[in-house]
Amino acid sequence: MTADPADTLQALWQTQEQEIPPVTLDEIRAKAAAFERKIRRRNLREYIGTAVAAAIFASYIWLFPGWMIKLGSALTILALGWTMWRLQQRGNARAAGGDARTVVDAYRDALVRQYRGAAAFCRRDLPLFLPGLILIYVGRYRQDHAGGRPLDLDHTFIILGGVIGLLMLAIVVLVSLLGAARLQNQINELDRMLRG
């Protein structure tokens with residue numbers, strides 16, 4: 001007597017490992033809570049860094065001569081303030097509670113909001129800093145020569161500072177783009193888990 005082919009197929013199907021393990025609401029809640037903590041820590045670092053940077057640029061207004069450095073410092077402080085206001089608007093972590101759909105929707109919404117903020121930083125927020133920083137750089141090069149040093153040596157230091165500044169700018173852009181890509185991967189993973 002041979003086994004029924006339907007029973008054999010069913011037994012084979014039932015013994016296979018699942019490709020995507022089912023996701024539970026507790027797992028999504030845990031991921032959402034970890035993401036919220038990560039965003040709160042990042043925001044705190046951003047606020048502290050902004051306060052320190054604003055204090056440094058404010059000291060430039062009083063310490064350095066030349067209207068270019070003073071105006072550039074003031075513009076940079078305004079750009080810092082605007083960027084922090086935008087972070088407050090789009091970058092806060094919001095706790096999600098309630099039923100399963102509410103938790104999943106809130107978590108996905110938080111991921112999408114953070115992704116949009118990271119993706120838009122390079123084209124919307126970063127250019128705000130350029131006028132102030134360029135004015136400081138040009139003002140240092142044209143208006144404020146350090147006493148006791150040859151002019152050529154002073155200009156060499158300024159040019160070297162500009163190269164270092166451009167490298168730092170490239171790093172900021174790269175980190176921002178990598179962060180956006182990482183967030184997009186998390187969104188895609190959550191979507192796959194919900195479909196699976």
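I shall speak about the annotated regions, the salt bridges, the aromatic pairs and a surface patch.

This is a predicted model, in which local features need pLDDT of at least 70 and side-chain atom pairs count only at pLDDT 80 or more, while totals for chains, interfaces and linings use all residues. Residues are numbered from 1 along each chain as its sequence is written, and side-chain values use heavy atoms, with hydrogens and water left out.

Let me start with the record. An unreviewed UniProt entry places the feature "transmembrane region" at residues 47-63 and 158-183; such annotations may be inferred rather than shown by experiment, and the positions follow the numbering used here, with feature names shortened. In the model, residues 47-63 are 100% helix and 0% strand, with the end C-alpha atoms 24 Å apart. Residues 158-183 are likewise 100% helix and 0% strand, and there the end C-alpha atoms are 37 Å apart. Helices (H or I, at least four residues) and strands (E, at least two) are DSSP runs, numbered from the N terminus.

I turn now to charged side chains. How many salt bridges does a search of the whole structure find? The search finds 4, a salt bridge being a side-chain nitrogen of Lys or Arg within 4 Å of a carboxyl oxygen of Asp or Glu. One of them joins Glu189 to Lys31, with the closest N and O atoms 3.0 Å apart. Because Glu189 lies in helix 6 and Lys31 in helix 2 (residues 25-63), this pair ties together parts that are 158 residues apart in sequence. Arg108 and Asp191 meet in another salt bridge, at 2.7 Å from N to O. Here Arg108 belongs to helix 4 (residues 100-125) and Asp191 to helix 6, so the pair ties together parts 83 residues apart in sequence.

Are these two partners buried or exposed, wholly or in part? Arg108 is partly exposed at 30% relative accessibility, whereas Asp191 is buried at 18%. Buried means under 20% relative accessible area, exposed over 50%, and partly exposed in between, using a 1.4 Å probe and protein chains only.

A further salt bridge links Asp109 and Arg113, whose closest N and O atoms are 2.9 Å apart. Both residues lie in helix 4, 4 residues apart, about one turn of the helix. Asp109 is partly exposed at 40%, but Arg113 is buried at 13%.

Next come the aromatic rings. The structure holds 4 aromatic pairs, that is, rings of Phe, Tyr and Trp (its six-membered ring) whose centres lie within 6.5 Å; planes under 30 degrees apart count as stacked, over 60 as edge-to-face and the rest as tilted. Tyr60 and Phe64 form an edge-to-face pair, 5.1 Å centre to centre with 75° between the planes. Ring pairs link Phe57, Tyr60 and Phe64 into a cluster.

Finally, the surface. Leu130, Ile134, Tyr137, Val138, Tyr141, Ile159, Val163 and Leu167 form a nonpolar patch with about 670 Å² of accessible area together. Patches are made of residues with over 30% relative accessible area and no salt bridge; like charges are joined within 9 Å, and nonpolar side chains (Val, Leu, Ile, Met, Phe, Trp, Tyr) within 5 Å. Accessible areas come from the Shrake-Rupley method with a 1.4 Å probe, and for residues only the protein chains shown count as cover. The largest share of the patch, 5 residues, comes from helix 5.
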